[in-house]
Amino acid sequence: MEELTGFQPRPATMSKDCPAVRWRDLRDWLVLIENSGRLLRIKQSVDPDQELAAITFMATRRENAPALLFETLEGDRFGTRILANMLGSSKERYALALGLDPDLPIAELITATGDIMRRRIAPVRVPSTTAPVNEIILRENEIDLTAFPAPKFWPGDGGRYIGTGDITLTSHPETGRINVGVYRQMLHGARRIGLYCSPGKHGLLDREAWWARGEPCEVVAAYGVDPVLFMLGAQVFGINESEFDVAGGIMGRAVELTDAEYVRLPIPANAELVIEGILHPGDLEPEGPLGEFTGYYGRERSPQPVIEVKALHARRSPILTAALMAKYPSCEIGAYYAIMRSARILDDLGRLGVSGVVGAYAHPAAASGWGIVVVAMQQQYAGHAAQVLALTAQCPAAAYYTKWIIAVDEDIDPTDFNEVMWALSTRCHPAEDIDVLRNTWSTGLDPSQHIAEQRPYGSKALINACKPHRYIKQFPPSTLLRREVYERVSARWAQLGFTEPPPKLKVFHPE
Ligand SMILES: Cc1cc2nc3c(=O)[nH]c(=O)nc-3n(C[C@H](O)[C@H](O)[C@H](O)COP(=O)(O)O)c2cc1C
Ligand SMILES: [Mn+2]
C-alpha cells in the first residue's frame with residue numbers, strides 16, 4: 001500500500017488539464033481517509049447476518065460517522081473484509097475521492113463536481129499478469145461464493161446480498177458500449193447470483209438486447225470497488241455512454257481494465273473481488289425484497305435473472321464494499337449523491353440557458369437527494385421564478401421522483417436548510433405560491449401512494465419561496481450587519497474569547 005503523505009488537494013476550479021487524483025485503488029483511498037481520521041477499523045468478529053448492518057446503522061445515526069472497515073467476519077473463509085459507510089453522509093470523504101479539498105463547503109464541491117463531470121477519458125487495458133485483481137483466480141467448480149461473508153442487512157430482506165456497493169458491467173450487442181451500473185445481487189448458491197435491474201436501466205436493456213438475439217448475456221460484477229467507480233455506476237448517463245469514460249474524466253486518469261478469462265467483457269484491474277458470468281434466457285429465481293434507500297422495504301419478492309458464475313478473480317483478503325440502504329444519514333447514497341445530482345441539475349439548467357440561477361441542492365435527507373430540490377436564483381423579470389421552478393422540476397437530472405421543488409432568492413444558500421426554512425416561512429404565501437404537476441415520473445419505491453401500480457405516476461409541488469416579485473421593491477429589508485462592523489468584530493473575535501473562527505457572512509446591510 002503506497003503511503004500517501006503530503007496530500008495536495010486539486011484546485012476547486014477545475015480545468016481540462018487539472019492533475020489526477022492521488023490514489024490508484026480502494027486501498028490507497030482507505031489510507032487517505034484513515035490518515036485524516038475518517039476510517040474506523042473494527043477488529044472484533046462480527047456476524048454478517050444483520051449484526052454488521054446494525055452496527056453500521058447505529059454508527060451512522062450521526063452525520064460525521066467514519067467509514068467502517070469490518071476486518072473479521074463470522075463464517076468467512078477468505079480473510080475477507082467489508083467496508084461499510086464508504087462515503088455515506090460525508091462530504092469530506094467524497095472530496096477525498098475526487099481529490100478535492102475536504103474543507104470546501106458543499107456549494108463549492110457542487111461547482112467543482114460540475115466542472116470535472118464534463119470531462120471524458122477512455123479506459124486503458126493493462127496486462128492480466130500484473131493486475132492486482134488476479135492475485136487469486138478460481139474457475140467453474142472451484143468457486144464457492146457462500147464462503148464469502150455476504151451480508152443480510154434488514155430482518156425482512158429476502159437473502160444475503162453479495163452485491164450492494166458493487167458495479168455490474170454489460171455490453172450492448174450492437175454498439176459494444178460497456179455499461180457500468182450499481183445493481184443489487186443476492187446470493188442463491190455457490191455459483192448463482194440474482195441480479196435485479198429495474199425497468200429502463202441500461203443493464204436490463206443490454207440483457208434484453210442479447211436475449212432478443214437468442215444469445216446469453218455476459219456479465220462482469222465487482223464487489224469491492226473504489227469510490228469513484230461506485231459513484232459513477234449509480235449515475236445515469238446516455239444510453240451510448242460508458243460510465244468508465246466519465247470515471248476516467250473525474251479522476252483525471254484512465255480507469256485500468258484487464259482481460260477476463262471467460263467472457264469478452266473486460267474486468268476492472270484494481271477491484272477487490274470480481275466475478276465473470278452469464279445470464280441465460282429464462283433462468284430466473286425469486287429475489288428480494290431488500291430494505292431500500294427510502295427507509296422501507298421496496299418491491300415484493302419476484303423472479304429475477306440469475307448470473308451463472310464462470311470465473312472469480314480476487315485480491316488476497318479482499319475488501320467487499322457493502323452499501324447499507326436506510327434513511328439519512330445512514331444511507332450509502334448520501335452526500336456524494338446529493339452533490340452529484342445537484343451538479344447535474346445545474347448543468348442541465350445551464351445548457352437550457354436559463355438566466356439568474358446561482359445554485360441548487362438536493363439534500364440527502366430527502367430520500368438520498370431524490371425528494372427535494374432547492375434552486376437559488378436572482379429574480380430578473382416577472383414570471384422568472386415560475387419558469388425556473390418548472391424547468392428545474394422537469395430537467396433530466398431532477399425529473400425522477402422529486403416531489404418538492406423550491407425556488408429561493410440568491411441571498412439564500414440552498415445547501416443550508418436553516419436558510420431554506422427561513423425563506424419558506426417568510427417569503428412564501430402558500431395559497432399563491434404553490435403549483436402542482438401531476439402524473440410525473442416517479443418510482444414504484446415511493447410508498448406514499450397506497451396502490452403500488454399507481455406509484456410510478458408521481459406529483460410535484462413547485463414552491464416559490466422567493467420574495468414576491470410584484471412587490472419586491474417594497475419587501476421589508478432583511479436585518480443584516482454593516483460590513484464594516486462585521487469586519488471590525490471579526491478582527492477582535494479571538495480577543496473576545498471565541499475559540500472557533502467567526503462565521504462567514506456574505507450579505508450585508510446596503511450602504
Ligand atoms: C447502493 C445502490 C444500489 C442500487 N441498487 C439498484 C438495483 O438493485 N437495481 C437497479 O436497477 N438500480 C439500482 N441502483 C440504481 C442504479 O445504480 C442507477 O440507477 C444507475 O444509473 C444504473 O446505471 P445505468 O444508468 O447505466 O442503468 C442502485 C444504486 C445504488 C447506489
Ligand atoms: Mn449507463
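Author: Let's start with Thr-443, which touches Tyr-400, Tyr-401, Arg-455 and Pro-456, leaving aside residues up to four places away in sequence. Touching, or contact, here means heavy atoms within 4.5 Å. Keep in mind that this is a predicted model: local features need pLDDT of at least 70, side-chain atom pairs count only at pLDDT 80 or more, and totals for chains, interfaces and linings use all residues. Residues are numbered from 1 along each chain as its sequence is written, chains are lettered from A and ligands numbered from 1 in the order in which they are written, and side-chain values use heavy atoms, with hydrogens and water left out.

Back to Thr-443: its side chain makes a polar contact of 3.4 Å with the side chain of Tyr-400. (A polar contact is a pair of N or O atoms within 3.5 Å; within protein, one must be able to donate a hydrogen and the other to accept it, and residues adjacent in sequence count only if both atoms are side-chain atoms.) The side chain of Thr-443 also gets to the backbone nitrogen of Leu-445, at 2.9 Å. Thr-443 counts as buried because its relative accessibility is 6%; buried means under 20% relative accessible area, exposed over 50%, and partly exposed in between, using a 1.4 Å probe and protein chains only.

So where does Thr-443 sit? You'll find it in the loop between strand 20 and strand 21. Helices (H or I, at least four residues) and strands (E, at least two) are DSSP runs, numbered from the N terminus.

Both strands belong to an open, mixed sheet of five, in the order 17-18-19-21-20. Strand 17 (357-361) and strand 20 (434-441) are the edges: each has a single partner, so one side of each lacks a neighbour in the sheet. Two strands pair if DSSP finds at least two bridges between them. From one strand to the next, the twist averages 20°. Strand 21 (residues 457-464) runs parallel to strand 19 (residues 404-409), joined by four bridges, and Ile-406 stands opposite Ile-463 of strand 21.

Two helices pack on this sheet. Helix 8 (residues 335-352) touches strand 17 and strand 18 (372-377), its direction making about 150° with that of strand 17. Helix 11 (residues 417-426) touches strand 17, strand 18, strand 19 and strand 21, at about 80° to the direction of strand 18. For these angles, axes are lines fitted to C-alpha atoms, for helices over the stretch in contact, and values run from 0 to 180 degrees between N-to-C directions.
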